[in-house]
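Let us walk through this structure together, one piece at a time. Keep the view open beside you as you read.

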Amino acid sequence: MASQDIPKVMKQPRLGRKTDERKTASQNVPKIMRQGNLAPWLYLLPALLVMSFFIVYPMINTVALSFSNKDGTVSAATTCIAGNPCWGVFENYRYALTSEFDFSSPVSFWNTFWKSSFGNNIKWMFLMTAGTVGIGLAFAVLADRVKYEPLAKAVIFMPMAVSFVGAGIIWKFVYDYGTRQVQIGLLNSIITAFGGDPVAWLSTPGLNTLMLIVVGIWIWTGFCMTILSASLKSVPDEILEAARVDGASEWTVFWRIMVPIITPTILVVITTMVINVLKLFDIVYVMTGGNFGTNVIANRMYTEMYKNFNAGRGTAVAVILVLAIIPFIYYNIKRFLAQEAMR
Amino acid sequence: MNRDRVNRILARIPTHLIVIGTILIWVIPTLGLLITSFRPVQDVNTSGWWTVVAPQNVSGPYVQYCASCHGADGKAIPEADLSDPNLIARYPRSLQLMAILRQDINGKPHMGDVPLPTSQEAADIAAYLRNYSSGQAGTARFTTSNYVDALVGYRGRASYFQDCREGTQALDLKCNASDLLNPRGMGRAFLNSLLVTIPATVLPILFAAFAGYAFAWLHFKGRFLLFAILVGLQVVPLQMTLVPISRIYAQLGLNGTFLGVWLFHTGFGLPYAIYLMRNFLGSLPSDLFEAAYLDGASHWTAFRRLVIPLAMPAIASLGIFQFLWVWNDLLVALVFLGGTTPVMTYQISNMVTSLGAGWHLLTAAAFLSMLLPMVVFFSLQRYFVRGMMAGAVKG
């Protein structure tokens, strides 16, 4: 299929350029097409029914459940134990927010914080977003200059097709911590070949979360790279050539021309990645099960709900997750409104 | 002129190095998985997969303890020719080997001043000598039995075919084609994954085509507001809805059924699918629809005869996206299907977390689960990328 078959709106919107000159649907619908008041709702009905049942209603219900006890029958306030701190109906939130920390001293709080699901999610958010966007952007720029670009991009993109579970197995094998004689894990065998001692990558607190983040970067860099690459290709060649003719180095061209022009796309990619990272579950579940200080919010929610069978605490964790995501929901709608205004 | 070209080529070397280096980092872990899945279990546990590419000719402990007297090829002492299979057959394990090493030979200790190897090292030497004398040392061995074992869910110590030959198979194996549907195996899981994925891909696309058409070309009150809400729903995390839905499912008896999973994936696939459909259909020229209506077409005719054929590119990218999403999903399968109807991702995670299956089985199982997505991805990459670019966010 030729590239002109790509619908115009499906390309990334460029700066200040109208994507389509023709009259499109976001303007008023032509008069002749207005047939009855009922018809539109009939077309919408199946989708609206399924979505309200599976997204809207459960969201409300989840909030309600987060204020009640284990099986959702009475208020969470009844689960308080006399003599222990209690937040009344917010008891599940007290548990979700504080149970992982040791408040006895600032130092112990600091240490437990960075091994808790919240601390880990913050690490994931910053390191994985920076890693995927950084490597993705660098690779997009460099791959643009080689002849085997399609192949190179397909390889980097390939992990996107693989499940997190599959990726977890692939990397668990790389990180394998063998016996003293035999290292069948790639990483440890390289270390021992140079005379070092093998490292238990996945059970050393602090180090293991970083190792899991590497897996996340391996999976998601292709996503960032593809979108950033398309955006880079839309930067007009004349501007780049003009700068080069004026004697700008490649480094300057990258930082002073390319990056400013594609900043809107970079922002989109960053927000998408942050949302993905906050919801991340599978990698941690498969590779460490959240043990050894690698827990994340999404895995904690799963543990509370389906291993400890405490719906109240599980839903409270879920609500906290949504609260963290709300700014991005807002941003998403704002971006949509801006896009609509441009059309 | 010529010097310019040479300079240009030289200046590009760092670029090539970085690009190729990154490609290697991305490929090598997957390559390791693939190669391991084809190696016999003894080899997987005693040597790294890369030794297939560069086979170790001399084993480390052998060199350390034996090579000084017996020689690197084991033939230095004619009366104890270590390359003779008949001799080695008398020392199949470390126990027998340690026994002979402790004995005196011609009145002197076997090992002379050298300390005895540890039992692990003795095991390595025994394994090495076994391979060496049978002429297999230095040659990579490959097998497909890992895949057979993974497909039928074999959990024993030997292999499925060997157990079946000897009649010592587990009770749930019958040693015929029906074993492919053994609930513990990847064969059954593959089927379950297909049964989950296909309807969970078709349903949301169908509903999204209807709704997308309404949002793009039909006039109704609150159209814009409703669509803006939809955009927000795209990022709602799945975790937010699991608990209430599994409670309702428990009441309706939908837990562990395909229908429950189909509907759940439909619900969560819809916001993105409608968004993409509406944007695609909205970009079609309005003259097209006006002409159709002037000719007397109803909405239904326009939808069936005009919209669906024109929307095929969007349907294709949406289809691939949803297919990969559902196929690769673990959380929903874990919560709503669990062990009663295991899908591939569930089966693998179960092998990791509770059964502690060996690497030879895990790698084969993981590769089996990647097979279909890889084929879909590499044959239809263009559509996948296009769908991803259009939305860039998915709940």
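This is a predicted model: local features need pLDDT of at least 70, side-chain atom pairs count only at pLDDT 80 or more; totals for chains, interfaces and linings use all residues.

Which residues of α8(A) and α10(A) meet? From α8(A) come A:W220, A:C224, A:I227, A:L228, A:S231 and A:L232, and they meet A:M258, A:I262, A:T265, A:I266, A:V269, A:M273 and A:N276 in α10(A). Sorted by class, the residues of the contact between α8(A) and α10(A) are 10 nonpolar and 3 polar, with no charged ones.

Now stay with α8(A), which spans residues 207–233 of chain A, and turn to another partner. Helix α4 (residues 117–143) of chain A has an axis that comes within 6 Å of the axis of α8(A), and the two cross at roughly 40°. Is α4(A) oblique or roughly parallel to α8(A)? Angles under 35 degrees count as roughly parallel, so with a crossing of roughly 40° α4(A) is oblique to α8(A). The crossing of α4(A) and α8(A) is right-handed. In the contact of α4(A) with α8(A) you will find 16 nonpolar, 8 polar and 1 charged residues.

Next, look at helix α2 (residues 91–98) of chain A. Its buried residues are A:E91, A:N92 and A:A96. Where do they sit around the axis of α2(A)? They cover an arc of only 140°, and therefore they lie on the same side of α2(A). Part of what covers the buried residues of α2(A) is α13 (311–342) of chain A.

Let us step back to the two chains. The contact takes 93 residues from chain A and 94 residues from chain B. Which helix gives the largest share of the side of chain A that touches chain B? That is helix α1 (residues 39–65) of chain A, with 17 residues. By class, this side of chain A has 66 nonpolar, 18 polar and 9 charged residues.

Backbone angles come next. Most residues other than glycine have a negative phi. You will find A:F292 in the loop between α11 (282–287) and α12 (297–307) of chain A. Is A:F292 exposed or partly exposed? It has 17 C-beta neighbours inside 10 Å, so A:F292 counts as partly exposed.

A second case is A:F309, also not a glycine, with a positive phi of about 50°. A:F309 lies in the loop between α12 and α13 of chain A. Around A:F309 there are 11 other C-beta atoms within 10 Å, so A:F309 is exposed.

Our last stop is in chain B, at B:R5, which belongs to helix α1 (residues 2–37) of chain B. Because B:R5 has 9 C-beta neighbours inside 10 Å, it counts as exposed. How many Å separate the C-alpha atoms of B:R5 and B:I274? The separation is 52 Å, for two residues that are 269 residues apart along the chain.

Definitions and conventions:
Residues are numbered from 1 along each chain as its sequence is written. Chains are lettered from A and ligands numbered from 1 in the order in which they are written. Axes are lines fitted to C-alpha atoms, for helices over the stretch in contact, and angles run from 0 to 180 degrees between N-to-C directions. Helices (H or I, at least four residues) and strands (E, at least two) are DSSP runs, numbered from the N terminus. Angles under 35 degrees count as roughly parallel, over 145 as roughly antiparallel, 65 to 115 as roughly perpendicular and the rest as oblique. A crossing is left-handed if the near helix is turned anticlockwise from the far one by less than a right angle, and right-handed if clockwise. Ala, Val, Leu, Ile, Met, Phe, Trp, Tyr, Cys and Pro count as nonpolar, Asp, Glu, Lys and Arg as charged, and the others, Gly among them, as polar. A residue is buried if 20 or more other C-beta atoms lie within 10 Å of its own, exposed if 12 or fewer, and partly exposed in between; C-beta atoms are placed from the backbone. The arc is that of the directions from the helix axis to the C-beta atoms. Two residues are in contact if their C-beta atoms, placed from the backbone, lie within 7 Å.
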